[in-house]
Amino acid sequence: MYQYQKIKMNNNPISNFEATIKKEYANIAGIAIRKDGHLIYETYFDGYTKDDVLHIASVTKSIISILIGMAIDKGYINNVEQKVLEFFPDYTVKRGEKTIQIVTIKDLLTMTAPYKYKSEPYTKVYSSDDWVKATLDLLGGRGHIGEFKYSTVGAHILSGVLTNATGQSVKDFAIESLFKPLNITAPQHTFLRNKEEHFAFLKDQYVTGWVVDPSGVNTAGWGLTLTPRDMAKIGQLYLNSGVWGNSQILSSKWIEDSTKEKSRFGELSYGYMWWIVDDDCYAALGDGGNVIFNNPNKKMVVTIASRFIPRAKDRIELIRKHILPLFG
């Protein structure tokens, strides 16, 4: 708290920074920054408060990566080299389909699994009765394992893996393994019954919960709501090498593996559903400008929660240009 008050005393730079946010990044709802293990700055915009959750979009993918690591730590999953279909013994492979049979958890985590589509078939998957099966039906085909193909619908298979491996809903496993240890309020299940409710969840100002498909499987590629403080705790867990309080709740090896390059998208490096944005910095990135950004050298976590808008301004540029010089 002392550090937070010390920064606030230097009022002009903070005021200028917040004015920049309001002017150039108007969809930002909240920012929380931790340094040296402490919350040093927190502010909210557009009527939001520290208690309001927001849809963190694809940051959800990084949370799922954490849960996969925890499931491996607890022995529910052997390792990332396990074949995906081992977790779906009742799934019927279509005649002639060979690639799907060798896709691994690692291929899903690194976005190097092939799919039978050119653009993501959101409507086809999200209007089906079983999103996991609908996505498995799209997995494989004639594509090659190892080529980067970012897939939001494909991530849902990992929720199916977690559900079948642990015997729990993804949310319940997350409560037990991640949310409760970090004192994060657990989201409720949110069912979206039609296209209108789906778009409302993406675009409304206040939404809550964690979206589940008709089979009760929580989304993996999007659909989770958290506060900036919650996001900052998750970032801090990674800076702490998986330690929270006096407990090792996630293995340090998983964190190291998750945040080192495993695949590439152009000039961008990708780990296990975490983006490596510099030689030593990594981030969970979500549409609209949702971010958990970790700078291990500065022992700093920057989290930004934002309302959805198309083509939001680059948050990494905001962090580099304004936040790190001011708070780092």
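Let me start with the surroundings of Asn27, which, once neighbours within four places in sequence are left aside, is in contact with Gly288, Ser306, Arg307, Ile309, Ala312 and Arg315. Please keep in mind throughout that this is a predicted model. Asn27 itself sits in the loop that runs between helix 2, residues 11–24, and strand 1, residues 28–35, and with a relative accessibility of 4% this asparagine counts as buried, because the limit for that class is under 20%.

On the side of helix 3 the contact is made by Ile63, Ile64, Ile66, Leu67, Met70 and Ala71, while helix 8 contributes Val170, Phe173, Ala174, Ser177 and Leu178. Sorted by class, this contact has 10 nonpolar residues and 1 polar residue, with no charged ones.

The ring of Phe173 pairs with that of Tyr76, their centres lying 5.9 Å apart and their planes standing at 85 degrees, so the arrangement is edge-to-face. Since Tyr76 belongs to the loop between helix 3 and helix 4, residues 105–109, whereas Phe173 is in helix 8, the pair ties together parts that are 97 residues apart in sequence. What about the accessibility of the two partners? Tyr76 is partly exposed, at a relative accessible area of 34%, whereas Phe173, at 1%, counts as buried.

A further pair, Phe148 with Trp275, is tilted, with 6.1 Å from centre to centre and 50 degrees between the planes. Here Phe148 comes from the loop between helix 6, residues 131–136, and helix 7, residues 152–166, and Trp275 from strand 11, residues 275–276, so that parts 127 residues apart in sequence are tied together. Phe148 counts as buried at 19% relative accessibility, and Trp275 is likewise buried, with a relative accessible area of 12%.

I will finish with a question: which residues do ring pairs link into a cluster? They are Tyr122, Tyr126, Trp131, Phe201 and Trp222.

Methods
Residues are numbered from 1 along each chain as its sequence is written. This is a predicted model: local features need pLDDT of at least 70, side-chain atom pairs count only at pLDDT 80 or more; totals for chains, interfaces and linings use all residues. Side-chain values use heavy atoms; hydrogens and water are left out. Contact means heavy atoms within 4.5 Å. Helices (H or I, at least four residues) and strands (E, at least two) are DSSP runs, numbered from the N terminus. Ala, Val, Leu, Ile, Met, Phe, Trp, Tyr, Cys and Pro count as nonpolar, Asp, Glu, Lys and Arg as charged, and the others, Gly among them, as polar. Buried means under 20% relative accessible area, exposed over 50%, partly exposed in between (1.4 Å probe, protein chains only). Rings of Phe, Tyr and Trp (its six-membered ring) pair if their centres lie within 6.5 Å; planes under 30 degrees apart count as stacked, over 60 as edge-to-face and the rest as tilted.
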